[in-house]
Amino acid sequence: MATRVVPPRIFKNLRYKTTTTKTLNSSHPSAAAAVTSTVDLTPPPPPPSSHPLSSLDLNNAERLFSAVPTSTLVRSTAVLHATAVGPMVDVGIWAMKSKLFQMGIMKDAVMAVTKKTFYEHFCAGEDTVAAGRSIRTVNNAGLRGMLVYGVEDAHDNESCDRNFDGFLHTVDVSRSLPPNSVSFVIVKITAICPMALLERISDLLRWQEKEPSLKLAWKQDCLPIFSESSPLYHTQKRPEPLTSEEENDLELANERLQKLCEKCVESNMPLLVDAEHTSVQPAIDYFTYSSAIIHNKDDNPIVFGTIQTYLKDAKERLLLATKAADNIGIPMGFKLVRGAYMSTENTLAHSFGYPSPIHATIQDTHNCFNDCSSFLLQKIANGPGSLVLATHNIQSGKLAAAKAYEIGIGKVNHKLEFAQLCGMADALSFGLSNAGFRVSKYMPFGPVEMVMPYLLRRAEENRGLLSASGFDRQLIRKELGRRLKAAIF
Ligand SMILES: Cc1cc2nc3c(=O)[nH]c(=O)nc-3n(C[C@H](O)[C@H](O)[C@H](O)COP(=O)(O)OP(=O)(O)OC[C@H]3O[C@@H](n4cnc5c(N)ncnc54)[C@H](O)[C@@H]3O)c2cc1C
């Protein structure tokens with residue numbers, strides 16, 4: 001791609017046009033950092049909760065990106081456009097994964113390029129200090145942060161313990177930051193319980209669903225994990241009971257999670273459990289729901305589960321879990337997502353000779369997300385419980401915002417949070433925040449190498465010209481064009 005050199009005079013004007021705007025509105029840590037360093041005199045906007053709800057305007061690029069420095073918009077547009085070029089993403093993914101690039105000088109070069117581009121765009125920093133800084137600046141821009149210790153799957157107790165310490169430290173860091181600047185601490189159960197054990201627990205839970213007479217001595221009270229339509233093909237034959245060593249590991253994993261929940265209760269910091277692929281999701285739901293029963297009290301859910309609405313059984317499971325929570329009188333928190341493991345799910349189902357557990361069409365997924373969202377909005381408006389709508393989909397954002405206006409959520413309570421990934425769908429985040437909703441950015445932190453699998457998923461997700469980042473790319477381009485014109489004329 002040819003690079004044009006912008007004359008210094010124009011670049012200065014571009015910066016000027018940017019820094020004289022009034023509203024701080026950058027969601028990205030580095031963007032916000034740049035903003036705060038250049039426009040320190042601008043007072044931060046009032047917290048989103050005190051905004052009156054106004055209409056959701058996603059067309060005014062100038063207003064949406066008003067405080068994002070031109071340099072950051074240029075970087076964002078470069079990263080988002082690069083990830084929209086399929087072959088370029090293929091080469092990038094190959095370089096990040098390739099053994100050839102895992103050593104010596106090649107590795108250093110790949111890491112350095114990744115860090116300056118994808119990493120700085122999608123992540124909050126290398127450690128808790130950097131992540132804390134990013135959260136503060138995001139918060140100054142009117143948004144909040146979900147603090148995500150960016151580890152991936154663990155396979156033994158040693159790595160689970162290491163990851164657990166990281167999650168605990170994340171709660172400490174969130175406590176040290178300005179009140180309400182961190183909305184949630186995120187935990188991945190696959191990082192604090194060995195994967196093989198999660199698969200075994202999931203197998204046993206599935207078999208119990210097939211044969212309710214199966215006794216699982218280790219099983220604690222929990223909400224329903226399956227519905228009648230849930231696929232159980234992963235478990236083809238009756239699994240052996242857990243060995244004493246496995247039971248011991250389960251106890252250790254449970255201890256880690258309970259300690260983390262207790263720390264969150266002490267800090268009044270909600271803990272959001274991420275959803276993963278269906279091989280292990282029953283065990284993840286088991287841990288989530290059994291912990292929610294212990295720690296969610298009154299009208300204050302501490303433990304939140306995640307429902308992936310691309311799954312055909314999502315709505316039925318959600319209805320069953322909410323009904324059971326109501327019956328035992330615990331407030332439940334849910335995050336709704338579409339789901340990020342499509343190809344893994346399709347491949348797995350195919351390998352067993354079963355149809356995919358994912359809706360046959362994308363429209364069915366959209367309908368399922370919007371139905372579940374509408375159901376939960378209505379539910380939290382009338383009773384206990386909280387909801388996180390984690391989506392970049394403009395239509396879903398608009399529908400949910402309209403429903404929330406209609407039933408008064410947001411004005412009087414803080415039970416609804418919208419969320420987008422750091423570096424993605426910034427226009428939607430700013431638009432929802434400007435309209436008076438609480439909005440968080442999901443902000444993973446950790447060394448580049450550690451968050452590499454996360455970065456690869458983001459590169460994959462934004463792949464292709466019609467990908468999720470299309471709307472942002474278009475708006476950023478429009479705003480850059482406007483600034484360029486304003487600087488020249
Ligand atoms: C804050 C946050 C937290 C998240 N946490 C999780 C998590 O815990 N677990 C998890 O799995 N994901 C998680 N995700 C990712 C999420 O599941 C989606 O992958 C991502 O957000 C894209 O969905 P969208 O709602 O933004 O919708 P869109 O931008 O509209 O994306 C739709 C995408 O859905 C996919 N899709 C779904 N169903 C179908 C279908 N039937 N046919 C074809 N394509 C289909 C396609 O890939 C398509 O690109 C999270 C996302 C956010 C923003």
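This is a predicted model: local features need pLDDT of at least 70, side-chain atom pairs count only at pLDDT 80 or more; totals for chains, interfaces and linings use all residues.
How many residues does helix H14 have, and how far does H14 reach from its first C-alpha to its last? Residues are numbered from 1 along each chain as its sequence is written.

**View 1. Helix H14 from end to end.** H14 spans residues 362-382, so 21 residues, and reaches 31 Å from its first C-alpha to its last. That is close to the 30 Å expected at 1.5 Å a residue, the expected span being 1.5 Å times one less than the number of residues. Helices (H or I, at least four residues) and strands (E, at least two) are DSSP runs, numbered from the N terminus.

View 2. Thr365, Cys368, Phe369, Cys372, Ser373, Leu376, Leu377 and Ile380 are buried. These residues lie on the same side of H14 because they cover an arc of only 160° around the axis, taken from the directions from the helix axis to the C-beta atoms. On the other side, Gln363 and Asn382 are exposed. Here a residue is buried if 20 or more other C-beta atoms lie within 10 Å of its own, exposed if 12 or fewer, and partly exposed in between, with C-beta atoms placed from the backbone.

**View 3. What the buried side meets.** The buried residues of H14 pack against strands E4 (303-308), E5 (333-337), E6 (386-390) and E7 (416-421), and against helices H12 (314-328) and H15 (394-407). Contact calls for C-beta atoms, placed from the backbone, within 7 Å.

**View 4. H12 beside H14.** The two helices pack at an angle of about 15°, with their axes 10 Å apart. H12 is therefore roughly parallel to H14, a label for angles under 35 degrees. Axes are lines fitted to C-alpha atoms over the stretch in contact, and angles run from 0 to 180 degrees between N-to-C directions. Ala314, Lys315, Leu318 and Thr322 in H12 meet Cys368, Asp371, Cys372 and Lys379 in H14.

**View 5. Two asparagines with positive phi.** Most residues other than glycine have a negative phi. Asn180, in the loop between helix H8 (157-176) and strand E2 (182-187), has phi near 70°. Asn180 is partly exposed, with 13 other C-beta atoms within 10 Å. Asn268 sits in the loop between helix H10 (244-267) and strand E3 (271-273), and its phi is near 45°. Asn268 is exposed, with 10 other C-beta atoms within 10 Å.

Terms used:
Two residues are in contact if their C-beta atoms, placed from the backbone, lie within 7 Å. Angles under 35 degrees count as roughly parallel, over 145 as roughly antiparallel, 65 to 115 as roughly perpendicular and the rest as oblique.
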